[in-house]
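Please look over the sequence and the structure shown here. The paragraphs that follow go through helix packing and then the surroundings of a ligand.

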Amino acid sequence: MNEIFDAIKESAIKIKYLIETGDTGKSEQENSTGDTQLKLDIQSDIIIEEIFAKVKSIKAIVSEEQENIVNLHADGEYLIAYDPLDGSSLVDVNLSVGSIFGIYKNEFNAQNIIASVYVVFGPRVEMVITTDDVKMYRLLNGEFKFIQDIKLNEKGKLNAPGSTQNCWAPFHKQLIDDIFNDGYRLRYSGGMVPDLHQILLKGGGLFSYPGTSDRPKGKLRQLFEVFPFALTYEKAGGGAVDGFKRVLEVPTTHIHDTTPCFFGSKEEINRVLKVYSENGK
Ligand code: P6P
């Protein structure tokens, strides 16, 4: 699998340059979930696909920016689902963005995810690789150097409450208010990669993107946003749930399916499960 990690490192260096120099304007296209595609989205996707096409162990890929699966090498053993530049619109206001990769075997579904990678493009470029553990690397003089292992505390201090105001569950807002009343600090940029990276590095807390009235199945995509981070949070000693169960037990029927999601330290995740099981459907 190291050849895949090396391919992602190669793409990250090119995407870093693209972010610094590229045109952040809108393209004429929409992706399969109706998001208007920015030129950065399309160009980042092209960079990644061209690099992955050279890796013989990759059988097929799924991109947030493309409707269908792209078959690469019939004898390949890995499937990769990725979001080439999540939160790309944040580049316009100079906030951090990221790329997310889920590495699967046999099928694109939660049961078959075997590794994940994300890259944060911020003041520094950092890459986090999850296999049986969670390891962080930083781009230094053109090379990714190992910096640290990542482990979550049992309980954290940060709260990233995405889209609470639109949540379908009337009790959800009270859950978030109670967490703030317990002294958690608000940390939400609108980019899931830096928001989740911060919670991982600051010892823990809770990131929520619940189902909303207009999107009861949530906004974040299973294969290339939620499942990769769910693996990372679980391997770091925390958890990831949809309110009622592990998100890594959520079935996938379409490659662009979404799911409500909560990522956090053990204590915060147990708090979500308790409130949803007592009040939810
Ligand atoms: P909202 C970015 O567009 C994204 O997909 C995630 O990175 C982020 O967590 C979420 O959407 C933000 O959504 O509704 O708060 O703008």
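Angles under 35 degrees count as roughly parallel, over 145 as roughly antiparallel, 65 to 115 as roughly perpendicular, and the rest as oblique. This model is predicted, so local features need pLDDT of at least 70 and side-chain atom pairs count only at pLDDT 80 or more, while totals for chains, interfaces and linings use all residues. Residues are numbered from 1 along each chain as its sequence is written, and side-chain values use heavy atoms, with hydrogens and water left out.

Helices are DSSP runs (H or I, at least four residues), numbered from the N terminus. Helix 1 (residues 2-21) and helix 2 (residues 39-52) cross at roughly 155°, their axes coming within 9 Å. Axes are lines fitted to C-alpha atoms over the stretch in contact, and angles run from 0 to 180 degrees between N-to-C directions. Helix 1 and helix 2 are therefore roughly antiparallel. Contact (heavy atoms within 4.5 Å) involves residues including I8, K14 and L18 of helix 1 and L40, I47 and F52 of helix 2.

Helix 4 (residues 192-201) packs with helix 5 (residues 222-235) at an angle of about 10°, the axes being 12 Å apart. Helix 4 is therefore roughly parallel to helix 5. M192, V193, L196, I199 and L200 of helix 4 meet E225, F229, T232 and Y233 of helix 5.

M192 is also among the residues that surround the ligand, as are D86, Y209 and K219; here a heavy atom must lie within 4 Å. A polar side-chain atom of D86 is 2.4 Å from a ligand oxygen atom. For K219, a polar side-chain atom lies 2.9 Å from an oxygen atom of the ligand.

Terms used. Helices (H or I, at least four residues) and strands (E, at least two) are DSSP runs, numbered from the N terminus. A polar contact is a pair of N or O atoms within 3.5 Å; within protein, one must be able to donate a hydrogen and the other to accept it, and residues adjacent in sequence count only if both atoms are side-chain atoms.
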